[in-house]
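Reader: I would like to learn how to read the features of a structure from its coordinates. Please take them one at a time, with the rule behind each.

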Amino acid sequence: MTQHCDVLLRGGVVVTMDDARRVIEHGAVAVRGNRIAAVGTQAELSGWQADRTIDCSGQVVIPGLVDSHNHLFQVAGRGLGDGMALWQWLSEFMLPLAAGIRPEEAVAAVRVGALEALSSGTTTIIDNHYAPNDAATTLQVAAALHDMGLRGAIALGVFGPFTDIARDNQLSPLLFQNSTRHEIDSMRECLTEWRSDRVQIWPSPINVIYNDQDLVRGLVELADEFNVRWQTHCSEALVDPEIYLQAYGLRPFIWMEKERLLSPHASFAHAIWLDDAEIERIGGRQCGIAHNPMSNEYLASGAMRLRDARKAGATIGMGADGAAGHLMDMFQIMRQMVYVQRLHTLDPEATFAEEAFELATRGGAQLAGIDAGCLEAGKLADIAVVSLRGAHMAPCFNPVANLVYCASGRDVTLTMVDGRVVYENGRATLVDHEEIVRKAHEHCNAVIKRLNIPTRRGQAALPQ
Ligand SMILES: [Zn+2]
């Protein structure tokens, strides 16, 4: 019987990530509208007629990768701010950049960052955008992701009133200018104005440690009111829970549990420094953790308790967390997740390539609340195609191991989001690829120069 679909991806190795974790040699995926219509062997799908058939032989067809936590505007400082731990990195580099960047510069950086992600097989991004975070710029950032064809959310980062913790740790007061009321009203305006079937806006108290407690509560209430998820940073640096404990008399996740803020709609970037009671609360409430191994290595922040958090019931996704010292390439991030866990535990069985791939697909989709993350009939058609032709991919006994240990985003030949091809043959299909790169150079150079951010710190700071 002949059946019709819009696109047929035929001839590749299909890594389904379905419940049985089927890997289909000589497989095929049929896409109709924005959903997957069928997955099977090429022979099983031989009766399908497609408007467009894409030959995927010599390639792997995978679920699109989910970047659970990013700050695309930070691309403006790519390669800068080297050699600092979190609080110094924030106070001396990132927050001054955030306070000084102009809307058109931030949007140019967001666009090139999103383009990099799209070119690397990422189909969904949770972009924790906080500079500039006024409603007008936020809506432009959301539109940038939408227009490029991506799926995801702008987790709109909010600073609110200047807290004692922020002041004591030398964070720039320039970012903490608005009252809780103003921040809640501005967030409400964004949530009310923005309309898209693919890109949402989520409230994001920027960091539970240095945000005002009323602000955190108010933003979570707003997320509930609009039935969207929310994301924040918490316990990224070793000192964070200690700082919080000293200021408020309890650890941050214990406070959130007490306030009934923990739920499957909450996700926490990092959540590295957790005690057993906090792990139990996060797991028990099935919260999400956005794990950012490359950022954690770069800032020397620490290794999260992956096994304990998963065992307790937390949903784990993986993220790039900006681009200051690394690429926004989920393949590299998956690989680093394995290496960090093994090095930290001194246990080669602490995790495997299969788990890294699962967190970047199914885990991220669950954290984001989207019906994707695996290639199965009925799921959203978010798909990437990865070439096996490079010398670094030969031979290929276990496609998932090759994807995690050997592949890079540059091996991606096609990215599909919502049933639409958004990247192919080295270029984005819906936007002007070269123009986005050209504008990023121009605007990012302007902001770094104007703010006098050092571009050669490493040379001067090199240990003798
Ligand atoms: Zn972050």
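Reader: With which residue does Asp-308 form a salt bridge, and how far apart are the closest N and O atoms?

Author: First, the ground rules. This is a predicted model, in which local features need pLDDT of at least 70 and side-chain atom pairs count only at pLDDT 80 or more, while totals for chains, interfaces and linings use all residues. Residues are numbered from 1 along each chain as its sequence is written, and side-chain values use heavy atoms, with hydrogens and water left out. A salt bridge is a side-chain nitrogen of Lys or Arg within 4 Å of a carboxyl oxygen of Asp or Glu. Asp-308 forms one with Arg-305, and the closest N and O atoms are 2.9 Å apart.

Reader: What are the relative accessible areas of Asp-308 and Arg-305?

Author: Buried means under 20% relative accessible area, exposed means over 50%, and partly exposed is in between (1.4 Å probe, protein chains only). Asp-308 is partly exposed at 33%, and Arg-305 is partly exposed at 24%.

Reader: How many salt bridges does the rule give?

Author: The count is 27. One of them joins the side chains of Glu-257 and Arg-285, at 3.0 Å from N to O. Helices (H or I, at least four residues) and strands (E, at least two) are DSSP runs, numbered from the N terminus. Glu-257 lies in helix α8 (residues 252-258) and Arg-285 in the loop between α9 (276-284) and β14 (288-291), so this pair ties together parts 28 residues apart in sequence. Arg-285 is partly exposed, at 40%.

Reader: Which helix holds Arg-438 and Glu-435, and what separates them?

Author: Both are in helix α15 (residues 433-450), three residues apart, which means a separation of about one helical turn. Arg-438 is partly exposed at 44%, as is Glu-435 at 28%. Elsewhere, shared partners join Arg-21, Arg-307, Arg-310, Glu-355 and Glu-358 into one network of salt bridges.

Reader: Which residues coordinate the zinc ion?

Author: Donors are N, O and S atoms within 2.8 Å of the metal (3.2 Å for Na, K and Ca); water is not among the atoms, so sites may look incomplete. Here the donors are His-69 (NE2), His-71 (NE2), His-233 (NE2) and Asp-321 (OD), at 2.0 to 2.2 Å. His-69 is in strand β8 (residues 65-70) and Asp-321 in the loop between β15 (315-318) and α12 (330-345), 252 residues apart. Both His-69 and Asp-321 are buried.

Reader: What is the geometry of the zinc site?

Author: Four donors count as tetrahedral if all angles lie between 85 and 135 degrees; four count as square planar and six as octahedral if opposite donors are over 155 degrees apart and all others between 65 and 115; anything else is irregular. The angles among the four donor atoms of the zinc ion run from 90 to 170 degrees, and the site is irregular.

Reader: Which residues touch the most other members of the largest nonpolar core?

Author: A nonpolar core is a set of buried Ala, Val, Leu, Ile, Met, Phe, Trp, Tyr and Cys residues joined through side-chain atoms within 4.5 Å. Of the 136 residues in the largest one, these are Ile-62, Tyr-210, Met-256, Phe-268 and Phe-357. Domain 1 (3-63 + 373-428) and domain 2 (65-368) both contribute residues, so the core lies between them. Such domain bounds come from an automatic or database domain assignment.
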